Amino acid sequence: MKVNIKRLTETAQIPTRQHEGDAGYDLYADIQEPITIEPHTTEFIHTGIAIEIPDRYFGAVFARSGLASKQGLRPANCVGVCDSRYRGEYMVALHNDFDIARIVCPGDRIAQLIVMPCLNVEFNEVDELFDTERGDDGFGSTGR
């Protein structure tokens with residue numbers, strides 16, 4: 001699948017995969033100077049790109065596992081949803097979960113983008129749902 005992308009600045013980097021077969025494409029910080037993210041705060045980080053996601057798909061912006069686990073930096077909304085009709089700049093609201101300040105430098109890989117299918121559904125209101133073995137057992141119902 002070909003996906004159209006536009007650089008909004010001369011320094012913007014096209015998303016890349018580190019290995020063949022990786023699901024995510026790294027998004028890069030398109031900033032002119034380092035940005036400090038204080039503990040337990042969020043900063044919007046520019047990517048300098050706009051993407052034309054095809055209809056019936058969406059761009060999902062996920063944390064980079066190493067950045068989240070080693071640096072405490074993750075998207076503030078956990079998963080960003082970029083609709084197919086959105087044509088603005090992709091930005092990442094990066095949140096610092098750690099108790100010390102973290103620095104994002106120009107060109108750092110800040111998140112990963114996965115283009116995913118989006119199903120169109122029609123909700124059908126009913127009086128009863130089909131019963132299952134699980135039923136309405138929710139959080140923690142399967143134990144450890």
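Trainee: Which residue in β8 is the bridge partner of Phe-44?

Mentor: The bridge partner of Phe-44 in β8 is Ala-93. This is a predicted model, in which local features need pLDDT of at least 70 and side-chain atom pairs count only at pLDDT 80 or more, whereas totals for chains, interfaces and linings use all residues. Residues are numbered from 1 along each chain as its sequence is written, and side-chain values use heavy atoms, with hydrogens and water left out.

Trainee: How do you know that strand β4 and β8 are joined, and in which sense do they run?

Mentor: Two strands pair if DSSP finds at least two bridges between them, and β4 (residues 42-52) is joined to β8 by six, with the strands running antiparallel. Strand β6 (residues 73-75) also meets that criterion, as it pairs with β8 over three bridges in the antiparallel sense, with Leu-73 standing opposite Asn-96.

Trainee: What makes β8 largely enclosed by the rest of the structure?

Mentor: Buried means under 20% relative accessible area (exposed is over 50%, partly exposed in between, with a 1.4 Å probe and protein chains only). Six of the eight residues of β8 are buried, so the strand is largely enclosed by the rest of the structure.

Trainee: Why is Gly-66 called partly exposed?

Mentor: Gly-66 has a relative accessible area of 30%, so partly exposed is the class that applies. Gly-66 lies in helix α1 (residues 65-71).

Trainee: How many helices and strands are there in the protein chain?

Mentor: There are one helix and ten strands, where helices (H or I, at least four residues) and strands (E, at least two) are DSSP runs numbered from the N terminus. Their order from the N terminus on is β-β-β-β-β-α-β-β-β-β-β.

Trainee: Why is the protein chain called more spread out than a compact globule?

Mentor: The radius of gyration is taken over C-alpha atoms, and the globule rule is 2.2 Å times the number of residues to the power 0.38. For 144 residues that rule gives 15 Å, and the chain has 19 Å, well over that value, so the chain is more spread out than a compact globule. Its C-alpha trace spans about 55 × 40 × 30 Å along the principal axes.

Trainee: What makes the lining of the largest pocket nonpolar by class?

Mentor: A pocket is an open set of points on a 1 Å grid over the protein atoms alone, where a 1.4 Å probe fits, with protein on both sides within 12 Å along at least five of seven lines, and lining residues have an atom within 4 Å of a point. Ala, Val, Leu, Ile, Met, Phe, Trp, Tyr, Cys and Pro count as nonpolar, Asp, Glu, Lys and Arg as charged, and the others, Gly among them, as polar. The lining consists of Val-3, Ile-5, Ile-14, Pro-15, Tyr-25, Ile-51, Leu-113 and Val-115, which gives eight nonpolar, no polar and no charged residues. The volume, the space filled by probe spheres set on grid points joined across faces, edges and corners, is about 200 Å³.

Trainee: Which element gives the largest share of the lining of the second largest pocket?

Mentor: That share, five residues, comes from β8, and the lining divides into ten nonpolar, two polar and two charged residues. The second largest pocket holds about 170 Å³ of space.
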